[in-house]
Amino acid sequence: MAHGVWVLIEHKNGEIAPITKELLGKGKELADGLGQSLAGLVLGSNVSGLVEQARAAGAGNVYVVDDAALASYTTDGYVAAAKAAIEAHQPEVLLTGSSLQMRDFTGALAAELGTGLAPDVTGVSIEGGAVQAVRPSHGANVINALTFGSERPMIVSVRRQVGQPLDAAGSGETINVAMPQTEIRTKVRNVEQRTGAVNLADAMVIVSGGRGMGSPENYEKLIPELARVLGGTHGASRAIVDAGWVPYERQVGQTGKTVAPKLYMACGISGAIQHLAGMRSSNTIVAINKDPEAPIFKVATYGIVGDVNDVLPALTEEVKAKTGR
Amino acid sequence: MHAVVCVKQVPEQNSVKINSDTTIDASGITPIINLFDEYAIEEALQWAEKNDGKVTVISLGPDDATDSLKKALAMGANEAILINDDSLGQVGAQGAAKVVAAAIQKLGDVNIVFCGKQSTDDETGQFGPALARFLGWPQLTYVFKVHELTDSQIVVDRALEDTLETVEASLPVVITAVKDLNEPRYPSLLKIRKVSKQPIPTWTLSDLGLSADSLGGTINIAKRTPPPPRPSGEILSGDVQTQVKELVQKLIESQIL
Ligand SMILES: Cc1cc2nc3c(=O)[nH]c(=O)nc-3n(C[C@H](O)[C@H](O)[C@H](O)COP(=O)(O)OP(=O)(O)OC[C@H]3O[C@@H](n4cnc5c(N)ncnc54)[C@H](O)[C@@H]3O)c2cc1C
Ligand SMILES: Nc1ncnc2c1ncn2[C@@H]1O[C@H](COP(=O)(O)O)[C@@H](O)[C@H]1O
């Protein structure tokens, strides 16, 4: 009995999240491969508008738990709601994004249901009729292919850019599921925008600087401006985060953020294994370093051997001239 | 207050080898305490000191994981427990959490558990949330600041991608720590010498009333490979102006700009 591939419809301020549109694309591929249907799961409060958006983005059936208790994310609320919908309708697969909140959620949900979780994957597909997920570990030195036991649903939290949004809307029914009686044991007192917060994981272009930038003033002068004209944001190696030049939020690497933008530019960064761990799956990597032997060149798509103080201003000017930014 | 800290021993750096049976070979690499667990230990020690409590560190791992437990004792933890069982070699994060939950239940009087947000080897970030579920306790993940912690209540800031959430919960609770939650202390030589003879009990699955087949199977590792090599790159030549022009041209051609 086929029960479908479900995508958790993530939303913010009444809009469905970009990751969700990507996952509906990925979910369709899995559903077709399994001979099943693609559905959405909406959890929230006053979320009727999201049902239409989910369908426009490709979901067929949309399962909805709409309750005031789900107005803001809590682990207990989301787990209870998802569990009620899952137990009533028995999906085969549940896909979510891999934001920190979703990792909080899926880790708890999988344990609650006693099912398998493939966390933070960079790929998921049907191999020989079964769902297989791929995730890096050990600072991207090991690529793991994961399969699932017999428990359902298989839960997969997925990184950005793994799926492609669909062009065609879906069609199906809207199925409401009642919120079960739940004690929500954590209370969100306040949510505020983090000062200096950057969402490196979602950026399409990241320009990072390292110790080779020479000083915090030089980093500030050259890196953010280049990032801006390229339409992206800026990051850093641990060396200069530890030195206090740049806040930890911007650290890329094993103990910082893992990123995979379209373009990653490493300026004055040597390319230590722990830095590579955070950025080596970027689409295009550009390295600028004055040492031709620097390990960063081993992963670079394009390399410029030179001094950041010469190359970066010239590069910023050239990008401005070509794009008018 | 009785705080438990879950400590995982991991390779200092990740240039590990992959055995033909998909297990990881980290021989020759120094084992250390998982970075995020050091913040978990420090936070537990600080609040236990304030609340007149005690700290027990627990690690599920091989015999030499006692090195990490000894370091935690030297930092100031009161007791340490190693969980080691031949059948636990390949246990995943969810299975490990089930075992550690049983150990915490065996201790009986624990009211807060500190974990790291993630291990730097397996990187699942799954252990803390799974542990909380198996204990039946609430969880507070990605904790960046603990404002208040008493025997009955905790208030923390959780650091998410672009927001800071202030959240409260009643004890018992599981929290997971991010980097820079505090500044982990260094154990003094004197302390290291003092704890070197402190016995560390080893618990097996049967001590915890568990059997190996109740732990695994939900996720299997079908294959492990090194990352694919990146297509070999191109070093641009010429003077700075030429290099820069060529780079921008290439970025435009590949539709990045
Ligand atoms: C457990 C652990 C976790 C770690 N986690 C991380 C992590 O998450 N992220 C991370 O980044 N690191 C991490 N590290 C640190 C990592 O090992 C390196 O020390 C760090 O990445 C080096 O930073 P860097 O490349 O900026 O500095 P350096 O290694 O000092 O490199 C500076 C580079 O700049 C070049 N340079 C100098 N001057 C110029 C100039 N004028 N123009 C052009 N190039 C110039 C030099 O040739 C050199 O290659 C970790 C280490 C450990 C042990
Ligand atoms: N084998 C283990 N023994 C003790 N604690 C563990 C173990 N594995 C994971 N943990 C804890 O769970 C956290 C997250 O690990 P992981 O889920 O593997 O990313 C770690 O920082 C530890 O606090």
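A polar contact, as I use the term here, is a pair of N or O atoms within 3.5 Å. I keep that cut-off beside me for the ligands, and I remind myself that this is a predicted model.

**Entry: ligand 1**

I started with the backbone. A polar backbone atom of Gln254(A) sits 3.0 Å from an oxygen atom of ligand 1, so I count the pair as a polar contact under the 3.5 Å limit. Next I looked at side chains. Thr255(A) brings a polar side-chain atom to 2.7 Å from a nitrogen atom of ligand 1, and Ser270(A) has a side-chain N or O atom 2.7 Å from an oxygen atom of the ligand. I then checked how far the protein covers this ligand: ligand 1 exposes 990 Å² when taken alone, and the protein buries 79% of that.

How many residues are around ligand 1, and which come nearest? I found 24, with Ser237(A), Thr255(A), Ser270(A), Gln274(A) and Asn289(A) coming nearest. The shell divides into 5 nonpolar, 14 polar and 5 charged residues. Two helices of chain A, H6 (238-242) and H7 (273-279), each supply at least two residues of this shell.

**Entry: ligand 2**

Over to chain B for the other ligand. I counted 17 residues around ligand 2, and the closest are Cys6(B), Asp37(B), Ser119(B), Thr124(B) and Gly125(B). Asp37(B) has a polar side-chain atom 2.4 Å from an oxygen atom of ligand 2. For Asn34(B), I noted a polar side-chain atom 2.9 Å from an oxygen atom of the ligand. Ser119(B) uses its backbone, with a polar atom there 2.7 Å from a ligand oxygen.

What share of the accessible area of ligand 2 does the protein cover? My note says 97% of the 490 Å² that ligand 2 has on its own. In chain B, S6 and strand S8 (112-116) are the elements that give two or more residues to the shell. S6(B) gives the most, with 3 residues. By class, I have 6 nonpolar, 8 polar and 3 charged residues in the shell.

**Entry: the cavity**

The largest cavity holds about 70 Å³ of space. Which residues line it? From chain A I wrote down Tyr73(A), Thr74(A), Thr75(A), Thr186(A) and Val188(A); from chain B, Gln139(B), Leu140(B), Arg158(B), Glu165(B) and Val167(B). Strand S13 (186-193) of chain A and strands S9 (139-149) and S11 (163-170) of chain B each supply at least two lining residues. The lining divides into 4 nonpolar, 4 polar and 2 charged residues.

**Entry: aromatic pairs**

My search of the whole structure gave 3 aromatic pairs over all chains. I looked up Tyr78(A) and Phe105(A), which form an edge-to-face pair, 5.8 Å centre to centre with 90° between the planes. Tyr78(A) is in helix H3 (residues 75-89) and Phe105(A) in helix H4 (residues 100-113), so the pair links parts of chain A that are 27 residues apart.

Most residues other than glycine have a negative phi, and most peptide bonds are trans, so I made a note of the exceptions I looked up. Arg152(A) and Pro153(A) are joined by a cis peptide bond, with omega about 0°. Pro153(A) lies in the loop between strands S10 (142-148) and S11 (154-158) of chain A. In chain B, a cis peptide bond joins Leu171(B) and Pro172(B), and Pro172(B) is in the loop between S11 and strand S12 (173-177). Asp52(B) has a positive phi, near 60°, and is found in the loop between helix H1 (35-50) and strand S6 (54-60) of chain B.

Methods: Residues numbered from 1 in each chain as written. Chains lettered and ligands numbered in written order. Predicted model: local features only at pLDDT ≥ 70, side-chain atom pairs only at ≥ 80, totals over all residues. Heavy atoms only, no water. Near = heavy atom within 4 Å. Polar contact = N/O pair within 3.5 Å; in protein donor to acceptor, adjacent residues only side chain to side chain. Areas by Shrake-Rupley, 256 points an atom, 1.4 Å probe, with all protein chains shown as cover. Helix = DSSP H or I, 4+ residues; strand = E, 2+ residues; numbered from the N terminus. Nonpolar A, V, L, I, M, F, W, Y, C, P; charged D, E, K, R; others polar. 1 Å grid on protein atoms, 1.4 Å probe; cavity = no way out; pocket = protein on both sides within 12 Å on 5 of 7 lines; lining within 4 Å. Points joined across faces, edges and corners; volume = space filled by probe spheres on them. Phe/Tyr/Trp six-rings, centres within 6.5 Å; stacked < 30°, edge-to-face > 60°.
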